[in-house]
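Here is a protein to get to know through a handful of questions. Take a look first, then read on.

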Amino acid sequence: MPRPPICRRVEFLPGVTYFKPAAVPLRELEEVVLAVEELEAIRLKDKEGLEQEDCAARMGVSRPTFVRILNSARDKVADALVNGKAIRVEGGYYHLVGPKVRCRRCGHEWEPEQGGKEVCPRCGSEELAGRGPGRGRCHRHGRFGEGEH
């Protein structure tokens with residue numbers, strides 16, 4: 001029996017989760033479901049232009065796993081565009097990661113470190129904004145944490 005997927009780190013939830021061809025009634029359309037982590041893979045690679053290694057690190061997965069997620073996402077989007085299907089973004093194995101930590105004193109932003117007390121690396125202030133590292137709900141398993149479950 002295969003092990004369950006590890007929850008992927010996602011930094012972005014879309015405001016719009018449904019796309020369909022114009023002038024075609026919804027009841028006449030087939031749907032393609034794009035998982036939230038698949039959209040994140042497209043965002044990181046194709047929109048932000050990051051290298052695969054960097055994308056994988058941001059999502060907390062190996063490079064081969066990232067490539068599989070990205071290929072699946074691109075296949076679904078291509079199917080929808082070529083065959084006139086609707087795209088619905090929902091579900092998946094992910095947890096939402098908060099924004100970078102920002103210093104309230106000097107405005108510097110950075111990726112938080114795991115564990116330990118955070119201070120601004122630029123000015124040393126402890127007045128910080130933003131969530132700590134890796135906190136968010138795994139939207140498949142309903143648990144909190146880094147996704148190692």
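Q: Is Cys-120 buried or exposed?
A: Residues count as buried under 20% relative accessible area, exposed over 50% and partly exposed in between, using a 1.4 Å probe and protein chains only. Cys-120 has a relative accessible area of 2%, whereas Cys-123 reaches 32% and is partly exposed. So Cys-120 is buried.

Q: What kind of model is this, and how are residues numbered?
A: This is a predicted model, where local features need pLDDT of at least 70, side-chain atom pairs count only at pLDDT 80 or more, and totals for chains, interfaces and linings use all residues. Side-chain values use heavy atoms, leaving out hydrogens and water, and residues are numbered along each chain as its sequence is written, from 1.

Q: How many disulfides are there?
A: A disulfide here is a pair of cysteine sulfur atoms within 2.5 Å. The cysteine sulfur closest to that of Cys-120 is in Cys-106, and because it is 3.7 Å away, that's too far for a bond. By this rule, the count is zero.

Q: Which residues touch the most other members of the largest nonpolar core?
A: A nonpolar core is a set of buried Ala, Val, Leu, Ile, Met, Phe, Trp, Tyr and Cys residues joined through side-chain atoms within 4.5 Å. The largest one has 21 residues, and the ones touching the most other members are Leu-34, Ala-41, Met-59, Phe-66 and Val-89.

Q: Which elements give two or more residues to this core?
A: Both helices and strands contribute, and H1 (36-47), H2 (52-59) and H3 (63-83) are the helices on the list. Apart from this core lies another, of five residues, including Trp-110 and Cys-120.

Q: Why is H1 described as largely enclosed by the rest of the structure?
A: Among the buried residues of H1 are Val-36, Leu-39 and Ile-42. Their cover, and that of the other buried residues in H1, includes E1 (8-10), E3, H2, H3, E4 and E5 (94-96). H1 is largely enclosed because its buried residues number nine of the 12.

Q: How are H2 and H3 placed relative to each other?
A: Axes are lines fitted to C-alpha atoms, for helices over the stretch in contact, and angles run from 0 to 180 degrees between N-to-C directions. Contact means heavy atoms within 4.5 Å, and residues that meet include Met-59 in H2 and Phe-66 in H3. The two helices pack at about 95°, with axes 9 Å apart. On a scale where under 35 degrees is roughly parallel, over 145 roughly antiparallel, 65 to 115 roughly perpendicular and the rest oblique, that makes H2 and H3 roughly perpendicular.

Q: Which residue other than glycine has a positive phi near 65°?
A: Most residues other than glycine have a negative phi. The one in question sits in the loop between E2 (18-19) and E3, and is exposed at 82% relative accessibility. That residue is Ala-23.

Methods: Helix = DSSP H or I, 4+ residues; strand = E, 2+ residues; numbered from the N terminus.
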